[in-house]
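Open the model in your viewer and keep the selection tool at hand. We will go stop by stop.

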Amino acid sequence: MVGITETVLRDGHQSLIATRMRTRDMLPAAERLDAIGYRSLEVWGGATFDVCLRYLHEDPWERLRQLKKAMPRTPLQMLLRGQNLVGYRHYPDDVVRPFVAESARQGIDVFRVFDALNDPRNMAVALDAVKRAGARAQATICYTSSPVHTLEAFVALGRTLAEMGADELCVKDMGGFLPPHEGAELVRALVRNVGLPVVVHTHSSSGMSAMTCLAVVDAGAAAIDTALSPFAGGASQPPTEAMVGALRGSAADPKLDLAALAELSEHFRTVLDRYRPLLDLRSLQTDPGILTHQIPGGMLSNLLSQLREQEALGRLTEVVQEVPRVRADLGFPPLVTPTSQIVGVQAVINVLVGSRYREITREVRDYVRGLYGAAPGPIDPALLRRVTQESPAIVGRPADLLAPEFEKMLAEVRGFVPGADEAEALSYALFPAVFRSYRESVDRGLTPDVLTTVALGVVGALRAPRPTRPLASTVPRGGAWAEAGRASLGSRRRWIDAHHARAGR
């Protein structure tokens, strides 16, 4: 029997409506979700923490507490970006450890820990903290295709993660380009050579995900990720009901009640209707092009937004062609937060300037120097030489360079929230400016209901047909990392224009 991890409360709405589902829309379905018999319910992590504070003005810790209280029987799961936690930079160990411990204390049972570069050093402290907290450590292999990402390399990584204490492995296909036969081969190899249960996470972007899920189940996967149908398909996961129906009567039958799933889907269909102004049609469309350029749906949305703000949408094809070249120059990193943004912004700059690496972003310089971890493959020698001539590459684990922060952050937050507990201190440590703004809005009485009404009204107005150029680019989509990419490009606009002016003389 294969297990089902339900993603409707996290990745389902993160993929389709930019993580904007509110806690109040989750709780009415919680008791029924808890009764289904899922292997786990993904409810937290990823972008949810950031978006709760930044856009929804909700306390993410309160959401977790409420969901745990409402769903005590089913293990609750979160996505943790290794040393990045739920943020966009490496945090020191004295922030990583208490964050994991507090998350487990407040309700997380399964931690899916990944690193964008598949660098085990960036997962080690988080995995150790999960084990110390008594939770289940699901160590992740980010799947991608390149000359250096071979079956043997993935199996070797799986063995390393097992030696680090992982309870199970997850194959994370963040772009939806894992072919069925390769998925089956990878699962068989991991089960045979590592000996841990293997869970498979994919996205429906390319149209292959349902086929891949069936293939990996047949190959011995312990579980697959799915989303209830209103929040399934496209950039999200394959639909739970369809996968349960397809497996019914087989040796892997998850034995979930289709009628109960259909009833839950009706609830979330009503929820989706309320958020429809946030639903981008592109996120629901199948894009087989991802099989060649490997650009995940969320990254493509960011590229579109960045080009729109630079008034250069017509150059999307050039950027899509440049992304794999930049990725190759950087040693073939998987395109997942934060490497997707690092590669994407550099590709846009290369195209808009008309000269490759005429300007190198700070993030690419840090990446080349090893501040994000070890590149999977060799970095382009000319690029490596140019960057390291200015600042040498580091040796060792990037987080070893970070000074402790938690006590300092705790003192700071108690300066404006005198009774702040450890959870609030952690929120501030992860997102200082965002948390301060959130607390100010709470003090001013800006409730989530008021903010939701205003936000949906603004988005609906911006997306209404207009005779002039659409203003949809002003709608906040994604989290701080996407905004940072757009701001990075915006700050370079004058430089790009000046470059073209000189070239035209």
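Begin with Thr19: it counts as buried, because its relative accessibility is 4% and the cut-off for buried is under 20%. Keep in mind throughout that this is a predicted model. Thr19 sits in the loop between helix 1 (11–17) and helix 2. Check its backbone too. Phi of Thr19 is near 70°, a positive value in a residue other than glycine.

**The whole protein**

Zoom out now. How many helices and strands does the secondary structure of the protein come to? There are 23 helices and eight strands. Of the 505 residues in the protein, 58% are buried. In the protein, 77% of them are between residues 24 or more positions apart.

**Helix 2 and helix 11**

Select residues 23–36 for helix 2 and residues 258–275 for helix 11. How do their axes meet? They come within 10 Å and cross at roughly 160°. Helix 2 and helix 11 are therefore roughly antiparallel to each other, since angles over 145 degrees count that way. The crossing of helix 2 with helix 11 is left-handed.

Show the side chains at this contact. From helix 2, pick Asp25, Pro28, Ala29, Arg32, Leu33 and Ile36. Colour the contact of helix 2 with helix 11 by class: ten residues are nonpolar, one is polar and four are charged.

**Asp34**

Stay in helix 2 and select Asp34. Is Asp34 buried or exposed? Asp34 is buried, with a relative accessible area of 6%. Asp34 and Met71 are 37 residues apart in sequence, yet their C-alpha atoms are 5.1 Å apart in space. Leaving aside neighbours within four places in sequence, Asp34 is in contact with Ala70, Met71, Pro72, Arg73 and Thr74.

**Helix 3 and helix 4**

Select residues 48–56, which form helix 3, and residues 60–70, which form helix 4. The axes of helix 3 and helix 4 come within 9 Å and cross at roughly 120°. That makes helix 3 oblique to helix 4. Which residues meet here? Thr48, Phe49, Cys52, Leu53 and Leu56 in helix 3 meet Pro60, Trp61 and Arg63 in helix 4. By class, the contact of helix 3 with helix 4 has six nonpolar residues, one polar and one charged.

**Helix 14 and helix 15**

Move along to helix 14, residues 297–309. The axes of helix 14 and helix 15 come within 11 Å and cross at roughly 135°. Helix 14 and helix 15 are therefore oblique to each other. Their crossing is right-handed.

Look at the side chains. Helix 14 brings Met299, Leu300, Leu303, Leu304 and Leu307, and these meet Leu316, Val319 and Val323 in helix 15. The residues of the contact of helix 14 with helix 15 divide into eight nonpolar, no polar and no charged.

**The loop between helix 15 and helix 16**

Follow the chain out of helix 15. Stop at Phe332, in the loop between helix 15 and helix 16. Phe332 has a positive phi of about 60° although it is not a glycine. What kind of peptide bond joins Thr337 and Pro338? The bond is cis, with omega about 5°.

**Gln346**

Step into helix 16, residues 339–353, and select Gln346. Gln346 is buried, with a relative accessible area of 0%. What does Gln346 touch? Not counting residues up to four places away in sequence, Gln346 touches Val326, Tyr357, Glu359, Ile360, Thr361 and Val364.

**Last stop: Leu410**

Select Leu410 in helix 19, residues 406–416. Leu410 is buried, with a relative accessible area of 13%. Finally, draw a distance from Leu410 to Asp421, C-alpha to C-alpha: eleven residues apart in sequence, the two are 8.5 Å apart in space.

Notes: Residues are numbered from 1 along each chain as its sequence is written. This is a predicted model: local features need pLDDT of at least 70, side-chain atom pairs count only at pLDDT 80 or more; totals for chains, interfaces and linings use all residues. Side-chain values use heavy atoms; hydrogens and water are left out. Axes are lines fitted to C-alpha atoms, for helices over the stretch in contact, and angles run from 0 to 180 degrees between N-to-C directions. Helices (H or I, at least four residues) and strands (E, at least two) are DSSP runs, numbered from the N terminus. Angles under 35 degrees count as roughly parallel, over 145 as roughly antiparallel, 65 to 115 as roughly perpendicular and the rest as oblique. A crossing is left-handed if the near helix is turned anticlockwise from the far one by less than a right angle, and right-handed if clockwise. Contact means heavy atoms within 4.5 Å. Ala, Val, Leu, Ile, Met, Phe, Trp, Tyr, Cys and Pro count as nonpolar, Asp, Glu, Lys and Arg as charged, and the others, Gly among them, as polar. Buried means under 20% relative accessible area, exposed over 50%, partly exposed in between (1.4 Å probe, protein chains only).
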